[in-house]
Amino acid sequence: MPIPYEKYEAVIGLEVHAQLLTKSKLFSGDSAAFGADANTNISPIVLAYPGALPMLNKRAVEYAVKMGLACGCSIEHTNYFARKNYFYPDLPKGYQISQHTTPVCKNGFVKIRTANGERDILLNRIHLEEDAGKSLHEVDDRNTSLDYNRAGVPLIEIVSEPDMHTAEEAFAFVTELRKLVRYLGICDGNMEEGSMRCDANVSIRIKGEKELGTKVEVKNLNSIRNVKKAIEFEISRMIELVESGGKVIQQTRSFDASNDTTFSMRTKEEANDYRYFTDPDLPPFIITEELLHAIRAAMPPLPEELVRKYRDLLHLPEYDARVICDDAATIRYFELLIQTTTHAKAAANWLLGPVKSFLNDKGESMDEFTLDASSLATLIELVESGKVNFSIASSRIFPVMVEKGTADALEVATELNLLQNSDAGDIAQWVDEVLLGMPEKVAEYKKGKKGLIGLFMGEVKKLSKGKADPKIATQLLTEKLEQR
Amino acid sequence: MSGSTTCVEAAHYYLSAIRAKLRLNAFVDIYEEELLERAAALDKKRSSGAPIGKLHGVITGIKDVICYKGHKVTAASRILHKFTATYNATAVQKLLDEEALIIGSLNCDEFAMGSSNENSFYGNVLNALDEGRVPGGSSGGSAVAVQAGLCMVSLGSDTGGSVRQPADFCGIVGLKPTYGRISRYGLIAYASSFDQIGIFANNVPDVAAVLQVISGNDDFDSTASAISPDEYTFDTPSTGTYKIAYFKEALEHPSLDQEIAGTIKSFINNLPTQHFKVRAISFDLLDYIVPAYYVLTTAEASSNLSRFDGVRYGYRTNDDMADLTEFYKDTRSAGFGKEVKRRIMLGNFVLSSGYFDAYFTQAQKVRKQLSDKTALIFNDFDAILLPTVPSTAFKIGEKKDDPIAMYLADIYTVFANLTGIPAISIPLFRHSNGMPFGLQIMTYRFSELSLLSLSHQLMNVSRQDLHQSTNP
């Protein structure tokens, strides 16, 4: 008997940890940079030596607030840190300092788009906490090695409501979050290196039911693809389990990327009592109205706002607007372009066409693009004024300009002798030469095969080395063909 | 603290005093060689005419819970008994900057938990006035070092009376400043929201001199106050009138020794009324403060002491253990003493889900009420007087097996830690059993200036009486 998957609805909530790109750690002056030699970014504070105390990194608070504002959260005025107590070798103090009970950002949402359209996924909270160190089991076959560089690195934990229903929605949610943290410059969003990590809470229920089913937490989702795969697997597993008469038990499972399945790590009975209480070493931190204003004022417009602006004010197609707003560097570049050229659509075409394929060929990202925006703007202007055609501009002038980094398109085109010729006499000569050389095609055209105009045009282009102004050439071709 | 002797001579004097009184067991570690080197350097500097530090040559002992870089700091515990500090506590750095001479680390109750100095990995400290009696705790070594003339001043720590109570038992001055007055950076934590470094000396001006140097803001302790240290002078006696309160319930409490109660009452009644307006007020929360104190401090301690797990530093039972939980259990069972384990267990209990609201939350409410009530009292009064301890120093071993009795004896001292106010014990009295006892004075937060000048005056007032009663 086939399993009636469609009878069920999945309910998914995500917890995403994002390491903040602050210079120093959340409670000490040690570098928070990734990739240093083991145990070099440490101090008595990080190692929890006797008598050491935490001092809050204000930049981390600002980053958390930025993220909260970008997600439409309400920002708490008076904030506390709590201690989450448990023993583990990578946790030096024997407790993690977290905002478990009093998050700095509450509620809010993240807009996602899937095949089913646009939807706001509700957030429960965004809170600050410190990362733990790393236990390395592979360095030594007898012992576990410990690297405390990561201990104390600031994290925000973004917790959604159980508001998603498909793996696609979860995929879109994490994709959006990653875009946002990168755009705000608060996290590099690198899931493979672990600077962004995701846990998924998944449950199922019969469609139409209100109550939530028993949830399973899935950990170790180190790519957005794996978030999707794990949730897909988990939903099917639970439905098959229930359909075969089984019962879902509350547990923590881990994703195995080698075969896209999950396996049980521990069940609820083994859960810790974390004995949370307010950390007495840290007085409450206050987010004043002034600070809130300052953070808000320093924030760039959000991608969603820019999509609306490009679409509604610059009349770009929605698709173009979204692709531009996909990453911060492209947004920055486009914003510079439209400061110097009014041809917004052409600017978008250039970015999404020649610039993008150039970068793709080189395997580079927009950050690494060397041609400055004002130079590219001169090329756009040159094409739009009809002085060179787009294909010459993109294939001949553009590469030279990229090489130079800064250049004036008119100068480059003049130097390369690529400026378009609008002299009707010159163009008439090229047209005559082409038509004379292809009598059979001309005859076919005469018989009604009007489509051949393209062929003639191509030949004129070739002959003129692309310099013939296409408008005048088309006009002359048509005239002369009619005359023959 | 006069200029008539050299630092080297002073160092030798105190080193030989320590050697003569080793049986008191006040010191954990003596920095003889380093002391003599630093003393010589200070002498050289002074004779070159260079300006001298505020504590130039002051021979100072520090409790074995305060970090001094390159020196052992063990909290009198097996779990740290070979641990060497890798940085200076802020208070120590300030002492060194002002040219104090640190002579050694002082014995105490393990992790500052205790009232008799019987909970030390290094054994009991003896009260120099009666070696069969305890010196008090937890800063017993710090008190005895000053009492027996083994150093000029010493630092202790006071979480619930650990400076004032041994000062009372030993007949010296012991100050617990306002919470936040002195940075806690480098002080091994017992209960973070209660702990405060305190000062022992023979007189109030010496306490004030040290306080002025070691207090103030700190970039490494966010609970340290930005309020700048006071300038203390004792040259001109205050001519104003102090409005002073005492708690009726406190002096009538059944646990209070009758002779202590009588002596303090008569002292209060005999204060010259032109300078001291004393009034008895009612304080109905007295019986809640010890339970609230033990719930909150053990909770914080259970978490603060989690870092002592044998992983990164300190004692571990076995390097080769396959099971992590067993490793923790073994290390911490053997590394901590009985009283410390008792408090860790108690703290974990009051924080655990299911009991948190009944204990921790309730105790926090008591603390809040106490603070509110205290603020109201100080609207009307400049200072509160209380006994420091309900009894004089007891016999070694007398209360060792009765932790509850030991805890209840903190009734008068924990109040200042719960509310964060400064409190001092000054050695005004002697009991018919031959032991000294003190008077405790408290003022409002950051009012150490008024606390110290009042204390200084009261010591002067009583000097006459003391001479009459103790020096026949």
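User: What separation is there between the centres of domain 1 of chain A and domain 3 of chain A?
Analyst: This is a predicted model. In it, 66 Å separate the two centres, taken over C-alpha atoms. Domain 1 covers 5-290 and domain 3 covers 424-483. The assignment also gives domain 2, at 300-415.

User: Why are helix 1 of chain B and helix 2 of chain B called roughly antiparallel to each other?
Analyst: Look at the angle. Their axes cross at roughly 160°. Angles over 145 degrees count as roughly antiparallel. The two helices are therefore roughly antiparallel. Their axes come within 8 Å. The crossing is right-handed.

User: Which residues of helix 1 of chain B meet helix 2 of chain B?
Analyst: B:Cys7, B:Val8, B:Ala11, B:His12, B:Leu15 and B:Arg19 do. Helix 2 of chain B answers with residues including B:Leu35, B:Leu36, B:Ala39 and B:Asp43. Contact here means heavy atoms within 4.5 Å.

User: What classes of residue make up this contact between helix 1 of chain B and helix 2 of chain B?
Analyst: There are 9 nonpolar, 1 polar and 4 charged residues. B:Leu15 sits in the contact, and Leu counts as nonpolar. B:Arg19 and B:Glu32 also take part; Arg and Glu count as charged.

User: Where in chain B does pLDDT stay under 50?
Analyst: Over residues 466-472. The model has 5 contacts beyond four places in sequence for that stretch. For chain B, the mean pLDDT is 94. On the scale from 0 to 100, 96% of its residues reach 70 or more.

User: What ipTM and pTM does the predictor give the complex?
Analyst: An ipTM of 0.95 and a pTM of 0.88.

Notes:
Residues numbered from 1 in each chain as written. Chains lettered and ligands numbered in written order. Predicted model: local features only at pLDDT ≥ 70, side-chain atom pairs only at ≥ 80, totals over all residues. Heavy atoms only, no water. Axes fitted to C-alpha atoms, helices over the stretch in contact; angles between N-to-C directions. Helix = DSSP H or I, 4+ residues; strand = E, 2+ residues; numbered from the N terminus. Parallel < 35°, antiparallel > 145°, perpendicular 65-115°, else oblique. Left-handed = near helix turned anticlockwise from the far one by under 90°. pLDDT = per-residue confidence, 0-100. Domains from an automatic or database assignment.
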